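Dear colleague,

Please find the structure below.

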Amino acid sequence: MKASSDHILTSHAGSLPRPDELIEAWGTNDERTLTQKLTAAVTEVVRRQKELGIDVPGDGEFGKPMAQRVNYGSWWRYSWSRLGGLDPNGPSLYEMEARRSRPGHVVLTSFGDRRDRTRFAAAYGDPDSGITTGPRPPAPICIAPIHYAGHEAIEADIANFKAALQAAGVEEGFMTAVAPASASRIGNAYYKTEEELLYACADAMREEYQAILDAGLVLQLDDPAIAENWDQINPEPSVEEYRKFTMIRVEALNYAIRGLPQDRIRFHLCWGSWHGPHTTDIAMRDIVEIMLAINAQAYSFEAGNVRHEHEWKVWQDVKLPDDKIILPGVVSHATNVVEHPELVAERLLRFADLAGRERVIASTDCGLGGRVHPDIAWAKLEALAQGAALASRQLWH
């Protein structure tokens, strides 16, 4: 994985705006048209990233189905079609039965019972409030042993992306894959325990991880559940209980990537990308050590939105291991306001001062695709690249 040797490298968290024709193709059963549109769209999105100054581009997650312009869940829901052993026709995650935790017994409740949603129920229920979580499709239920069934899909994703990188003359690119903790947040009618389901997902998704790495790409593991689960536990647990609950999920992730090249793995943490108050997000200081326990080379996290920007100060007290890299978000999916390049530069300079300029890569809080208008998303990436250039001039010249 490249480091920032003579300038602050730029990347992003994964999802980018899909062209309308690709969204339309995902909504049909025309495989031939979808294949053609997907190949062309990946080629174009890599070219455009390079043109804007993104050093380490992704495929935009274009191979993950998204049939609506506004969609907050394709980063995860794509796995539902790549995992065997699932019945796809369960209730939506919002309609699942609410579950209550108690001391010594922490469980995840339904999405509709999240603490942020219940605190701001009127706002979440108001279609004019600006709060949205996108479509709510049926969620799968595990009814048989889970196994990986996405070999053709991941092979196509890799082929499209590698061809696009070559056409653009780009040396390094990253591809995202959902981590076990997030993948396992589905119904379970087969395994005796949630931990058994978690490790079954780890075994299955490992095949996707290995395929991405074997192709010479950088693997990004997406696992909002590490931070986001805090809001999905009702009532609020103690931090100690949550850390114990979460370390089981970290151990499953480390199990899934055992023996794989750590120096080409990066991890993405966020507090959920929906546009809401997020007043029940757990503090970064309470989970930063858990994040660093994940056996990755680099860590991507939200650092640009108004709920978490102040948490750059965490790194004043937490030492980043010498061989690690951070990808702080310096532009955000959570607002339509396009960040000024000078603000982006200021944010990057803070992290460079604390972690060292060579160990900082400029990134986005979360994926931009499906969350802000395409024109705004691309303007944010342009601001990111411009801000990184400003910061680099101060750091290297």
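**Surface, fold and pockets**

The protein chain exposes about 16,000 Å², of which carbon and sulfur atoms supply 49% (Shrake-Rupley method, 1.4 Å probe). This is a predicted model, in which local features need pLDDT of at least 70 and side-chain atom pairs count only at pLDDT 80 or more, while totals for chains, interfaces and linings use all residues. Residues are numbered from 1 along each chain as its sequence is written, and side-chain values use heavy atoms, with hydrogens and water left out.

Buried residues make up 58% of the 397 residues in the protein chain, buried meaning under 20% relative accessible area with a 1.4 Å probe, protein chains only. The C-alpha trace spans about 60 × 50 × 50 Å along its principal axes.

The largest pocket holds about 520 Å³ of space. A pocket here is an open set of points on a 1 Å grid over the protein atoms alone, where a 1.4 Å probe fits, with protein on both sides within 12 Å along at least five of seven lines; lining residues have an atom within 4 Å of a point. Volume is the space filled by probe spheres set on the points, which are joined across faces, edges and corners. Its lining comprises 23 residues, with P65, R77, W80, S81 and P137 nearest the centre.

In the second largest pocket there is about 420 Å³ of space. Of the 19 residues that line the second largest pocket, R99, S184, R185, I186 and E194 lie nearest its centre.

Yours sincerely

Methods:
Buried means under 20% relative accessible area, exposed over 50%, partly exposed in between (1.4 Å probe, protein chains only).
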